[in-house]
Amino acid sequence: MDKQQDQQQDARPVLEGPDIARVLTRIAHEIVERAKGADDVVLLGIPTRGVFLARRLADKLEQITERKMPVGSLDITMYRDDLRMHPPRALARTEIPGDGIDGRLVVLVDDVLFSGRTIRAALDALNDIGRPRAVQLAVLVDRGHRELPIRADYVGKNLPTSLRETVKVQLAEEDGRDTVLLGAKPDASGAHP
Amino acid sequence: MSKTLIRGAKVLGGEPQDVLIDGGVVEAVGRDLSAEGAEVVEAGGKVLLPGLVDLHTHLREPGREDSETVLTGTRAAASGGYTNVFAMANTFPVADTAGVVEQVWRLGQESGYCDVQPIGAVTVGLEGAKLAELGAMHESAAGVTVFSDDGKCVHDAVIMRRALEYVKAFGGVVAQHAQEPRLTEGAQMNEGVVSAELGLGGWPAVAEESIIARDVLLAEHVGSRVHICHLSTAGSVEIVRWAKSRGIDVTAEVTPHHLLLTHELVRSYNPVYKVNPPLRTERDVMALREALADGTIDIVATDHAPHPHEDKDCEWAAAAMGMVGLETALSVVQATMVDTGLLDWAGVADRMSSKPAKIGQATGHGRPVSAGEPANLTLVDTEYRGPVDPAGFASRSRNTPYEGRELPGRVTHTWLRGKATLVDGKLT
Amino acid sequence: MQRHLISAADLTRDDAVLILDTAEEMARVADRPIKKLPTLRGRTVVNLFFEDSTRTRISFEAAEKRLSADVINFTAKGSSVSKGESLKDTAQTLEAMGVDAVVIRHSASGAPYRLATSGWIDAAVVNAGDGTHQHPTQALLDAFTMRRRLVGRDAGLGKDLDGRRITLVGDILHSRVARSNVDLLHTLGAQVTLVAPPTLLPVGVETWPCEVSYDLDSTLTKSDAVMLLRVQRERMNAAFFPTEREYSRRYGLDGDRMAKMPDHAIVMHPGPMVRGMEITAEVADSDRCTVVEQVTNGVSIRMAVLYLLLGGNEPAVSHARPTEEK
């Protein structure tokens with residue numbers, strides 16, 4: 001934890017709490033608009049922080065549509081393509097809402113879109129769970145540097161970065177406050193997105 | 001034969017003296033000896049002992065020449081400072097006839113490294129049912145005086161009684177491998193805390209002790225003498241102590257490994273620690289040391305038990321029991337008895353040479369280092385410290401539990417009737 | 001975690017809880033239409049069974065296949081082992097074929113430990129039961145079953161079995177299940193009591209981290225879970241107990257005895273059960289008996305163990321989820 005705090009000292013906030021609330025509201029409206037009322041939307045957050053964002057989005061969607069919004073989580077750990085590069089990670093919960101995802105519009109929610117590999121894994125994981133009508137992607141921050149042909153449908157903030165920088169999202173549910181930090185990587189070698 | 005002058009040796013650990021060997025005999029022991037034309041060995045404060053005598057060696061020939069032969073076994077013996085070994089009877093075929101014991105005896109004569117005295121089986125095929133021809137083995141060229149079914153216990157009380165009685169006719173002695181067979185069915189290691197945890201079949205101390213108790217009482221009843229092989233438990237010590245206090249003619253041996261190693265080592269499941277009798281507890285080890293020091297246990301015997309690599313490079317249950325010991329025995333005794341202050345070098349000479357020779361009636365061995373005695377001698381660098389390296393063993397087998405272990409002392413020279421069999425740690 | 005799983009005693013509390021938590025997630029895969037994960041794709045696991053155990057082998061095989069590992073089954077019967085080939089040669093032969101893990105069942109206590117420590121092979125070794133020594137995945141699935149039933153499926157996540165009173169009844173002496181359970185349950189904070197006739201308790205049991213009793217009835221009322229161990233009828237001939245009837249009367253669990261247990265308490269059995277010996281049909285078929293659940297849970301536990309040992313470039317670390325940089 002010390003290491004993390006050290007990193008944060010040099011990091012500068014690019015989004016603060018009110019900004020995050022505002023972009024989530026905007027994304028919620030975009031989802032309603034593009035999904036034509038969001039009747040069949042299922043929100044699936046990618047652990048850890050994507051899950052909190054999905055729940056927040058669901059709250060906002062419920063306010064807009066005045067309907068219960070199905071929200072769940074999708075752990076992609078066992079679908080990662082870099083499993084052999086790290087010790088096995090503890091698994092997070094996959095929680096699919098009761099009516100499932102078959103024929104629905106699944107909106108995947110994650111905090112940061114970077115290489116696109118996480119989303120690739122998420123698409124594979126979805127494939128084993130059911131057959132959605134369509135899959136869309138909502139992210140809080142898109143920092144670029146894609147390594148796969150993947151793009152987000154809803155973006156909170158486009159944040160041009162260099163590979164020597166790190167983007168750290170903090171959310172109240174996990175970290176005690178809402179912020180997005182842009183910092184320098186302590187050593188430029190090999191930390192995985 | 002030429003003369004050899006050993007200069008400045010601590011005879012039995014005493015003050016440095018010179019020892020002059022002429023032919024096969026010690027000609028003189030004293031200060032500042034000189035001898036024209038004698039080969040001089042500078043002992044430089046090393047300890048000179050009478051050649052060691054092992055009452056319990058497995059030479060494996062005939063039958064298991066892949067693990068040891070009389071030649072390789074006697075070379076190992078010479079390396080370890082021994083000039084006389086007693087070869088156990090559990091060969092293939094079993095040494096239960098005059099023919100087999102004579103063969104072993106003759107092979108020993110030919111080797112030239114160490115005298116080999118065959119031990120005869122007590123029962124035919126070690127099967128515990130029918131007495132072997134003990135008299136014929138005694139009268140053979142091998143002149144067998146010690147009889148043992150070692151590896152197996154003479155468990156039938158009547159057979160044991162008869163054997164004890166029968167050998168009285170020619171002054172023989174029965175050496176009992178004390179192991180109650182029913183109590184040790186499937187036994188893999190000492191029964192206790194460690195076996196409970198490891199799930200290995202338990203070998204209770206009582207399986208050894210009950211046989212020893214029975215046999216000392218039998219020996220008393222029939223007025224015979226009995227020798228107990230490889231005592232391994234504190235309880236066995238108590239029984240032998242009691243028997244001796246009662247005047248029963250019993251002698252007993254302990255192996256070097258039972259003086260040093262405990263069943264804790266089995267936690268490694270490495271079969272190099274698998275041995276019969278099994279390694280016991282720390283308490284047993286301490287009782288055995290004390291008993292060897294106070295004379296309750298008469299002698300150290302190696303139970304040198306060579307096995308080929310594949311018989312140990314496997315799972316515990318499938319592995320053979322036994323350890324090689326000839327080339328490390330003296331070092332282990334120094335570590336456990338001398339360096340701990342329990343025994344001086346004269347005591348070591350007594351337990352590893354004089355007494356075993358006496359029990360086995362080995363003439364010419366175990367004699368004092370003095371003028372007129374056979375020049376069976378061993379010179380020990382007691383200051384040496386170093387790790388055990390099985391690659392340097394003369395034995396054909398490498399199943400030592402001491403690999404890499406730092407042990408004190410090293411035999412540098414051995415003389416068998418004045419002829420050097422080991423010089424500067426190298427076999428001649 | 002260590003690189004191999006040889007003994008339940010090698011697991012720390014955090015290791016064990018990580019395995020149980022991971023198994024909970026694995027269990028959810030069984031509820032999905034496609035009961036398969038790509039996690040061990042391209043990895044080869046050999047099930048090296050020198051002792052008959054169809055149940056355990058199938059459980060491991062199901063776990064391996066659900067994780068997409070390539071599976072090779074090797075059973076000693078009719079193989080070169082019966083022609084005298086050694087464990088070492090067999091293991092090396094299999095490794096030469098490119099095996100990443102060996103799941104081994106062997107009648108000799110310590111055989112998996114030897115395989116893992118003798119430098120014979122590089123593959124990870126998972127003990128699927130060795131002699132009368134250990135059966136760590138059985139203990140894990142038992143603990144998993146207890147945690148689900150006694151603490152709760154979701155409520156149990158991250159938790160151990162602190163203060164739960166577990167009673168093991170039967171042939172402790174010859175039981176690797178008992179040894180593994182005593183080690184693991186103690187690590188997880190449970191209070192373990194062994195109940196058996198004195199002949200079926202090992203000399204040295206007094207040093208184990210558990211209580212020992214010869215009296216089942218007085219223990220039942222204070223148990224949250226009662227695990228019955230199989231008693232082989234052949235033991236009778238070796239004078240471990242006089243007759244089957246006497247054993248059942250003193251140490252068997254029947255309906256009357258079960259009624260003395262607290263309402264929440266469960267009855268467990270590692271299987272295969274000897275009905276009429278250690279357990280009556282009435283108990284075996286009751287709702288309180290978890291035998292079938294244990295079988296189901298076995299697959300989840302073995303998936304968790306295989307994932308944590310083989311899923312990465314080294315075994316899992318049992319503390320905290322690694323922080324992610326983005």
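**Why these labels?**

Biologist: Why is R230(C) called partly exposed?

Modeller: This is a predicted model, and R230(C) has 18 other C-beta atoms within 10 Å. Buried takes 20 or more and exposed 12 or fewer. The value 18 falls in between, so R230(C) is partly exposed.

Biologist: Then what makes R176(C) buried?

Modeller: R176(C) has 23 C-beta neighbours inside 10 Å. The cut-off for buried is 20 or more, so R176(C) passes and counts as buried.

Biologist: Where do R176(C) and R230(C) sit in chain C?

Modeller: R176(C) is in helix 6, which covers residues 176-187. R230(C) is in the loop between strand 8 (225-228) and helix 8 (244-251).

Biologist: What makes a residue a contact of R176(C), and which ones are on the list?

Modeller: The two C-beta atoms have to lie within 7 Å. Setting aside neighbours within four places in sequence, R176(C) is in contact with G129(C), D130(C), G131(C), T132(C), H133(C), Q134(C) and H135(C), plus G199(B) from chain B. For R230(C), with sequence neighbours again left out, the contacts are G170(C), P272(C), M273(C), V274(C) and E278(C).

Biologist: How many residues do chain C and chain A put into their contact?

Modeller: Chain C gives 26 and chain A gives 25. On the chain C side, helix 1 (13-29) and helix 11 (291-310) each supply at least two residues. Helix 1 of chain C gives the most, with 5 residues. By class, that side has 11 nonpolar, 6 polar and 9 charged residues.

Biologist: What are the domains of chain B?

Modeller: Domain 1 is 3-47 + 373-427, and domain 2 is 51-360. Their C-alpha centres lie 26 Å apart. The contact takes 28 residues from domain 1 of chain B and 41 residues from domain 2 of chain B.

Biologist: Which elements of chain B give two or more residues to the domain 1 side?

Modeller: Strand 16 (377-387), strand 17 (406-416) and strand 18 (419-423) of chain B do. Strand 17 of chain B has the largest share, 6 residues.

Biologist: How many residues on that side are nonpolar, polar or charged?

Modeller: The domain 1 side of chain B divides into 15 nonpolar, 11 polar and 2 charged residues. Gly counts as polar there.

Note on methods:
Residues numbered from 1 in each chain as written. Chains lettered and ligands numbered in written order. Predicted model: local features only at pLDDT ≥ 70, side-chain atom pairs only at ≥ 80, totals over all residues. Helix = DSSP H or I, 4+ residues; strand = E, 2+ residues; numbered from the N terminus. Domains from an automatic or database assignment.
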